[in-house]
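User: Let's go through the packing of this protein. Please keep the answers brief.

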Amino acid sequence: ISYIAEDDRVRLSEYCSKIISRGFSSFLEVKIYVDQIKRTTILAKASPILHQDRVVGFRWSAINIKPLIGSLMNSEDTFFRQFNLSPRETEVLNLLLEGYKNRMIAEKLFIAESTVKYHMGSIYSKIGVKNRQDLFLFLENSQQNRFGPESFLFNIISKLMQ
């Protein structure tokens, strides 16, 4: 059984409301708990299921982004060098990719939460994205471009759901 992490429930509810009102969705990064203990971060996309012009449910497509991102990030630190990420920014980004929130990253690295936010802003700026969700989309596209058809599967599934 999987559960949505408590701090992501409001965002997930807002995401579903947008799908109901607009009829389409974008990608959503959300943390889930598997077996009530182990936390993992997924990249998901939902499409409305309609019956008589009324939304009666959602069809979800999701992927655990850790292996996806891990294969991209572990390729001899090429990614970090490409964007001139500092060693601290690299640490912050790795923890983010593991699903940690800013507060948890700050505790783990023994720095202030405002410093984590500063590093995240710098990372987003260097990579050319606006937020965490855009970062994950960028990384997914980089994976596809660098590693070919195997990494293309998630992209195909999400396109079929539109």
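User: Is I19 buried or exposed, and what is its relative accessible area?

Analyst: This is a predicted model, where local features need pLDDT of at least 70, side-chain atom pairs count only at pLDDT 80 or more, and totals for chains, interfaces and linings use all residues. Residues are numbered from 1 along each chain as its sequence is written, and side-chain values use heavy atoms, with hydrogens and water left out. Buried means under 20% relative accessible area, exposed over 50%, partly exposed in between (1.4 Å probe, protein chains only). I19 is therefore buried, at 1%.

User: Which residues is I19 in contact with, beyond four places in sequence?

Analyst: I19 is found in helix α1, residues 9-22. Helices are DSSP runs (H or I, at least four residues), numbered from the N terminus. Contact means heavy atoms within 4.5 Å. The partners of I19 are F24, S25, A46, P48 and F58.

User: Which residues have the most contacts inside the largest nonpolar core?

Analyst: A nonpolar core is a set of buried Ala, Val, Leu, Ile, Met, Phe, Trp, Tyr and Cys residues joined through side-chain atoms within 4.5 Å. The largest has 23 residues. Those with the most contacts inside it are V92, L93, I105, M120, I123 and L135.

User: Which helices each supply at least two residues of this core?

Analyst: The core in question is the largest one, with 23 residues. Its suppliers are α4 (87-97), α5 (102-109), α6 (113-127) and α7 (132-147).

User: What is the relative accessibility of N102?

Analyst: N102 is found in helix α5. It touches E113, V116, K117, M120 and R132, leaving out residues up to four places away in sequence. N102 counts as buried because its relative accessibility is 17%.
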